[in-house]
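The sequence and structure are shown below.

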Amino acid sequence: MLKRTLLLIVFLILSISLFSENDGLIFLENQTPFEEFAITGKDIPNDGGGGIEIEWSFPDSLDNFFLTVLRKDEAGNNSIVATDLLVSSKQVRDVSSEEDPSRVKDGTKYYYTGILSKKMVDENFLNMLISKENGYSKNGIYIFNNDTFYVTAETDAIISKASWFNLSRIPVVISLILISFVFLYYLNLAKSGKELYIRKINGLDAVEEAVGRSTEMGKPIMYILGIGYVTDIPTIAGLTILSRVSKKVAEYETKILVPSYDPVVMTTAQEVVKEAFTEAGRPDLYNKNDIMYITQDQFGYAAGVDGMMMREKPGAVFLQGLFFAESLILAETGHSIGAIQISGTTETAQLPFFVAACDYTLIGEEMMAASVYLQKEPMMLGSIAAEDLLKVFIMVLIIVGFILSIFAYGFNIGIFKNLFDLLVRALQV
Amino acid sequence: MNFFIKLSKIDRRFIYLFIALVVVLPLIFKPKFPVVVSKPVQDVYDYIEKLPEGSNVLISIDYDAASMPEQQPFLEALLRQLFKNKLKPILIVQWQLGAPLGTMGLEKIAKEMGAVYGVDYINLGYRPGYVAQMVGIGKEIRDYFKVDYKNILLDSFPMMKNVHNYNDIALLVGLEAGSTYLAWIEYAGGRFKQKIALALNAVSAPDAYYFYQSGQIVGLVGGMKGAAEYEVLVDKPDLAVAGMASQSYSHLVIILFIVLGNIAYFIEKGMKNKEGGK
Amino acid sequence: MLKGKGIPIFITFLVGMIMIISFFIPHKPFGDIEKISLNWYSIIAGFTMLLGVDSLIGMHFRKLKRKDENWFFSLVLILGFTATVVVGIIETVRFGTAFDDKSYFTYIYNYFIVPLQSTMFSLLAFFIASAAYRAFRARNFDATLLLITAIIVMLGRVPLGEQISPYLPKFTEWIMQVPQMAAKRGIGLGISLGALGVSIRIILGIERSYLS
């Protein structure tokens, strides 16, 4: 009897030491807080490599719990991906970055494990789990210092790889091919000598009148390129119009002032004006100091240009480029000095101000077509015709989508719903 | 009749004088105007209310002193809501002259709500090259913001422990005076599927309706009126609500001038037709 | 002339094609090209500020030297510019950031920049009044329609409109979300296609007026 009791006591002591691998730690293998307690991982699609996405979907009642994600590589090295993530965040990305470029290597197998807890994870417990001696391949419930941690099973091997093509951009490729085809077709048509039509743009026809009027009054012309940079399309469009206006100014032997917002735009404008004066045969009239830098502050620029307008009193003011809130300040001041004003911008919010305050306004694409209109070169006219055809194509798409949506959601016809959803998915990038 | 004709040729400085009076006097006498909340503003508020406690909200200061009256009141109302709901604002700046305004608003409301820097909120300051940043934050925020606005390492702040990229940010709120929001929508929203809410100046707000209608932004706060609506929602009427009276009366005066101008126009036209008929 | 422009046109074409290709290929080195070029642009843009400062200071020094009309304001500009730069550098060294609460740079910002910027922006309120007064005449049917819509929207967007009628803000919202949006979308589509056309012309070398 005594022998049996002693054996039982020894057995109990041994059992306790088996269950508790360390002091203060109790482990219950293969126990989970709920069914499908797991995290999943996959390579981040359509990226340049070095990235794995870990996701989980736990019941909403656990939203305020914390999840710690651990990573193990092929060699068995363990590391921490992230600690104490809110369960409600549902995903985390393990990515290499400039700071840590070899965090996730392409082609290497990684295994991830999640640790769910009510409180923030204990550092000692974490260090214990990730140490090589102990490992954490066992999923289950750990009770450490009266705190409970639920550890998921390890994921299958996940390998990160770089994609050679971003599949989500297939609609863009198709559009690119279509657009290129249309442009090449019309450029060839223009080359073959076919006459292509461009409608009248009143603002551009008035350029000669504006420059002539200024010359008669003995006043300079002011050309304002707005507050864009040379990388902005409206600024480039403004520079091409500047080239034509400068040529006219040189022919009329008058002065042109170009106050600039950006130093690079100023340098480009100086070269454009110089070239235009040279083309008109009057390089002697070109004065570099007439194209000057004001400031890169929006309202500082407006104040500087307004001051210049009030002092120099130009006969014609051109506002061609990218404008924001300062547009009305410039246009109203120009109006107050009695100048003829020709404006153009792609900012739809500023167009009403220009229409109200200026004599002529180039709306959006009229400004883009300005260089084509002023030169009337066949190849350039070809590109305008191509744009028009693309516009027709977009209109057809809109009408098709509109009709489909009426039948799909207005009359609730199933097949049209599918067609409409297909159209939306096809156009999504 | 002569009065109307004289009115049509009125010196613009009289118009300026009327506008000045109509803007200043309500600020002195403070008449009250009830503010009704519109759906785009309500949507922003509701989205934030539903965010789980502890979520990170990235606030981008893309305005400067010129837009302060429209954006600063919204910034303060937004921060009050975030701190009240235990959400964590991360401030970044794309317009360098907006940096002190963002810092001022953040520190003022943080102090009011008892928030602790580095634990409940953080200010990462300004970095040049906003497009590169927007793309870069998609991978790792520390590639562009290694330190906060006082040059302290980001990793030394508890709240930044798990903030690496857009996946760790529940919402991006852009306070916009220009067109920087287009880049946020294109890069952060389009490429990285980041949820975005925008507060724009009144003049730019109509342009952003595209994005609100198509669901690319969760909501839109337009101008001082939008800021006033938000102040009402967070139950702390302040500068924006106070400005509503001036805004209302100045709109009324402009309408009055337009109507008088048109009356004068028709009278002159009638007189010219009569003379022509003779 | 074409020979001289041949190399820049080729460079434009090559860089344009590389940027287009890198948009579709995330794999190194293509995937990093966009980020690298954006970083290069930021660095170059910083240096181009030197060009601007040279132009600005040069122009005002010339005015000062020749004692042109209003030369005094040129002096104010040069002194203001110099003071701001010097104070900014000193305070950055002192506090780690020029915008510290106690720095003189913040003082300049709060008492010069903020009031000046706010004042310029506030001019819009006056200018819109005079522009609207001058431009909103019911000359024809379209102008009359525009006028009526403008009045409805102006009233509907302020609390006063809600006081006049609860339907006014709702009708305003409908105008903003339906007809206004339709017109903007149409213009926006045209602008995008126009920008596409300009970009293609530049990449293919058809548009050369931006080159010197």
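How many residues does the contact take from chain C and from chain A? In this predicted model, 44 residues come from chain C and 54 residues from chain A.

**The side of chain C that touches chain A**
- Helix 2 (30-66), helix 4 (104-135) and helix 8 (179-203) of chain C are the elements that each give two or more residues to this side.
- With 14 residues, helix 8 of chain C gives the most.
- By residue class, this side divides into 25 nonpolar, 14 polar and five charged residues.

**The six-stranded sheet of chain A**
- Six strands of chain A form an open sheet in the order 13-12-11-14-15-16, with parallel pairing.
- Strand 13 (291-293) and strand 16 (360-363) of chain A each have a single partner strand, so one side of each is left without a neighbour in the sheet.
- On average, neighbouring strands of the sheet are turned by 15° against each other, direction ignored.
- Strand 12 (residues 256-260) of chain A pairs with strand 13 of chain A over three bridges in the parallel sense, and Val258(A) stands opposite Ile291(A) in strand 13 of chain A.
- Helix 8 (residues 327-336) of chain A lies across strand 11 (221-226), strand 14 (316-322) and strand 15 (340-345) of chain A, and runs at about 165° to strand 15 of chain A.

**Lys146(B)**
- Lys146(B) lies in the loop between helix 6 (130-137) and strand 4 (171-176) of chain B.
- Because 15 other C-beta atoms lie within 10 Å, Lys146(B) is partly exposed.
- Leaving aside neighbours within four places in sequence, Lys146(B) is in contact with Leu153(B) and Leu154(B).
- Lys146(B) and Leu124(B) are 22 residues apart in sequence, and their C-alpha atoms are 8.8 Å apart in space.

Notes. Residues numbered from 1 in each chain as written. Chains lettered and ligands numbered in written order. Predicted model: local features only at pLDDT ≥ 70, side-chain atom pairs only at ≥ 80, totals over all residues. Helix = DSSP H or I, 4+ residues; strand = E, 2+ residues; numbered from the N terminus. Buried ≥ 20, exposed ≤ 12 C-beta atoms within 10 Å, placed from the backbone. Contact = placed C-beta atoms within 7 Å. Nonpolar A, V, L, I, M, F, W, Y, C, P; charged D, E, K, R; others polar. Pairing = 2+ DSSP bridges. Axes fitted to C-alpha atoms, helices over the stretch in contact; angles between N-to-C directions.
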